[in-house]
Amino acid sequence: MPATKKKIQWITQGEMESLVDKRARAVLKVSGKTFIRNRKRGDYVKLDADKCPGIVELALLSPGDKVATSRARKNS
Amino acid sequence: MPGRTAKEAVENFAGFMNETLSCLTNRRLSAYQKADNTYVLLYKEAVPLRTDTGAPFYIQVTQVCNAVPLEDGTFKARTREYSYVFSESPGLDHHGLVSYHWHPNDFNLRDPHLHLRITPQVGCPEIEHKLSKAHFPTSRVCLEDFVSLLLKYYDIKSPLHHSTHRSILKKNKEAFSKNATWTVNPLP
């Protein structure tokens, strides 16, 4: 069967919360809930991701549909 | 490949990505719907790879996409953010040996870029430090080019026959080139 025809595995909300929590603790040493709250507050907007490796991958998992800038919306 | 629904478009998109990644591994991406029309495709854990000589390496792939309606009523998935990491360890405590990032909504650098790390035995520690800190500007990088890089230059062993993975990567890169709405410079 071609790869494109195989079914994809969907992750549940609970699984994703667990994954975000695990990564947030590894990367920032905070819980997943704290990371999400801080991110929503804008705490990481200007963070130098070099000083916190892994935060990019963590941010991509965060809940929400953040396409914050008009530039971002055009760059699809 | 469009889908009849947004979710089907994302599943089709993930199918192409999994086909491309099958050139490196049998592991498959998982998907998560994190908002009404925002999806994450990811490996839950770093995926182990081997070189031709058996040396261990890892990849981590994360891609955020959404689905946009087309004129004919179907939907097409579009990439919103990505991270492709190739590393000698499974952890997230560094950017790996090679990582391609595009995260237009977060952090201080939002254009597509590349992180590179080389071993510190070069004899020029200052240069090594600069290299490890640099964000090398790139165009938008497709997953097929990332996979090709690992096969060609990092000697990663493919589970597929040479002719098969070449064919897959060629086909899927052509599909990317045909469907991408931008590749070089993000619009102002």
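The axes of helix 1 (residues 6-21) of chain B and helix 4 (residues 162-179) of chain B come within 9 Å and cross at roughly 145°. The model is predicted.

User: How is the packing of two helices described?

Analyst: Two packed helices are described by the angle between their axes and the distance between those axes. Here, the crossing of helix 1 of chain B and helix 4 of chain B is left-handed.

User: Which residues make the contact of helix 1 of chain B with helix 4 of chain B?

Analyst: Helix 1 of chain B contributes Phe16(B), Glu19(B) and Thr20(B), and helix 4 of chain B contributes Ile168(B), Leu169(B), Asn172(B) and Ala175(B). These contact residues divide into 4 nonpolar, 2 polar and 1 charged.

User: How should I read the strands?

Analyst: In a regular strand the side chains alternate between the two faces of the sheet. In this model, strand 6 (residues 98-102) of chain B runs antiparallel to strand 7 (residues 113-116) of chain B, joined by 4 bridges. Val98(B) has Leu116(B) in strand 7 of chain B as its bridge partner. Strand 7 of chain B is also joined by 2 bridges to strand 8 (residues 136-137) of chain B, again antiparallel, and Leu114(B) stands opposite Phe136(B) of strand 8.

User: Which residues touch the most other members of the largest nonpolar core?

Analyst: In soluble globular proteins, nonpolar side chains tend to be buried together. The largest nonpolar core has 57 residues, of which Val10(B), Ala31(B), Val40(B) and Leu41(B) touch the most other members. Helix 1 of chain B gives the most to this core, with 8 residues.

User: What does Leu41(B) touch?

Analyst: Leaving aside residues up to four places away in sequence, Leu41(B) touches Ala14(B), Met17(B), Leu29(B), Ala31(B), Gln63(B) and Cys65(B).

How values were computed: Residues are numbered from 1 along each chain as its sequence is written. Chains are lettered from A and ligands numbered from 1 in the order in which they are written. This is a predicted model: local features need pLDDT of at least 70, side-chain atom pairs count only at pLDDT 80 or more; totals for chains, interfaces and linings use all residues. Axes are lines fitted to C-alpha atoms, for helices over the stretch in contact, and angles run from 0 to 180 degrees between N-to-C directions. A crossing is left-handed if the near helix is turned anticlockwise from the far one by less than a right angle, and right-handed if clockwise. Two residues are in contact if their C-beta atoms, placed from the backbone, lie within 7 Å. Ala, Val, Leu, Ile, Met, Phe, Trp, Tyr, Cys and Pro count as nonpolar, Asp, Glu, Lys and Arg as charged, and the others, Gly among them, as polar. Two strands pair if DSSP finds at least two bridges between them. A nonpolar core is a set of buried Ala, Val, Leu, Ile, Met, Phe, Trp, Tyr and Cys residues joined through C-beta atoms within 7 Å. A residue is buried if 20 or more other C-beta atoms lie within 10 Å of its own, exposed if 12 or fewer, and partly exposed in between; C-beta atoms are placed from the backbone.
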